[in-house]
Amino acid sequence: ARGFENHALDHHLCSMTKIVILSKDAQPGKVKTRLATKLGNHIATQIHCDLAMMTLDKAKQSGLEVEVSFAGDLSQPLAQAFRQAGAHVFSQPRGDLGDKIFHAMQRGPRVIALGIDCPSLEARDLQTAANSHQLVLGPSLDGGYWLIAASRPPLALFKDVPWSSHQTLSSTLHNASKLGMEVQFLASRY
């Protein structure tokens, strides 16, 4: 009976969880700019699109509901591709990355938010994050994180975080500690 209760709980948690992918429009010269200096804007933009669609495919493999928080014109080809692949696409709010993640995290009782820059993402990572009651972070090798999952976290979790830096993860963990949040880690990835 104990195992059945755990399975039922996992199913209940998953049914309340949605994935929100944060992406931006594929504008040459505005995406993958470090790659563009070596490969050119056209190839860097194509890599951005490929990563975005690969992330959506992995998210859909998890069996969870998937939405896309999109920075840019919702009529652009990448936003259309997301919709054609079955994702609900909505506009990202203005503000820093913390504001955008916080907004995404309000889209359901439990949300897994991730960007498109983790080609080693696996559907089981998403299932693990969905089945947890804790704040879940997927650390990246550069000091940030490739995934965050929580149940309606407070805005204070995302305040005073130096985004896109080697201190992103440590600052978020500091905020989580101040808020008394327990943290579960997924595997480190790039």
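In the predicted model, the lining of the largest pocket draws at least two residues from each of strand E1 (17-24), helix H2 (33-39), helix H3, helix H5 (97-105), strand E4 (110-114) and strand E6 (145-150). Among these elements, strand E6 provides the largest share of the lining, with 4 residues. The space within the largest pocket amounts to about 1400 Å³. A total of 36 residues line the largest pocket, and those closest to its centre are Lys32, Arg34, Asp117, Asp142 and Ser164. When the lining is divided by class, 17 residues are nonpolar, 11 are polar and 8 are charged.

Aromatic pairing was examined next. The structure contains 3 aromatic pairs. One of them joins Phe70 and Phe82, whose ring centres lie 6.3 Å apart. The planes of these two rings meet at 75 degrees, and the pair is therefore edge-to-face, since an angle over 60 degrees places a pair in that class. Phe70 belongs to strand E2, whereas Phe82 belongs to helix H4 (residues 77-84), so the pair ties together parts that are 12 residues apart in sequence. Both partners can be assigned by their accessibility, for which the limit of the buried class is under 20% relative accessible area. Phe70 has a relative accessible area of 1% and is therefore buried. Phe82, at 0% relative accessibility, likewise counts as buried.

Another aromatic pair is formed by Tyr145 and Trp163, with a distance of 6.4 Å from centre to centre and an angle of 75 degrees between the planes. This pair, too, is edge-to-face. Tyr145 lies in strand E6, while Trp163 is found in the loop between E6 and helix H7 (168-178). The two residues are 18 residues apart, and the pair thus links distant parts of the chain. Tyr145 and Trp163 are both buried. Strand E6, which holds Tyr145, is also the element with the largest share of the pocket lining.

A further site of interest is Ser62. This residue is placed in the loop between helix H3 (41-61) and strand E2 (65-71); helix H3 is also among the elements that supply at least two residues of the lining of the largest pocket, and strand E2 is the element that holds Phe70. With a relative accessible area of 7%, Ser62 is buried. A polar atom of the Ser62 side chain lies 2.6 Å from the backbone oxygen of Ala59. Leaving aside residues up to four places away in sequence, Ser62 touches Ile19, Ala123, Leu126 and Gln127.

How values were computed
Residues numbered from 1 in each chain as written. Predicted model: local features only at pLDDT ≥ 70, side-chain atom pairs only at ≥ 80, totals over all residues. Heavy atoms only, no water. Buried < 20%, exposed > 50% of the residue type's maximum accessible area, 1.4 Å probe, protein only. Polar contact = N/O pair within 3.5 Å; in protein donor to acceptor, adjacent residues only side chain to side chain. Contact = heavy atoms within 4.5 Å. 1 Å grid on protein atoms, 1.4 Å probe; cavity = no way out; pocket = protein on both sides within 12 Å on 5 of 7 lines; lining within 4 Å. Points joined across faces, edges and corners; volume = space filled by probe spheres on them. Nonpolar A, V, L, I, M, F, W, Y, C, P; charged D, E, K, R; others polar. Phe/Tyr/Trp six-rings, centres within 6.5 Å; stacked < 30°, edge-to-face > 60°.
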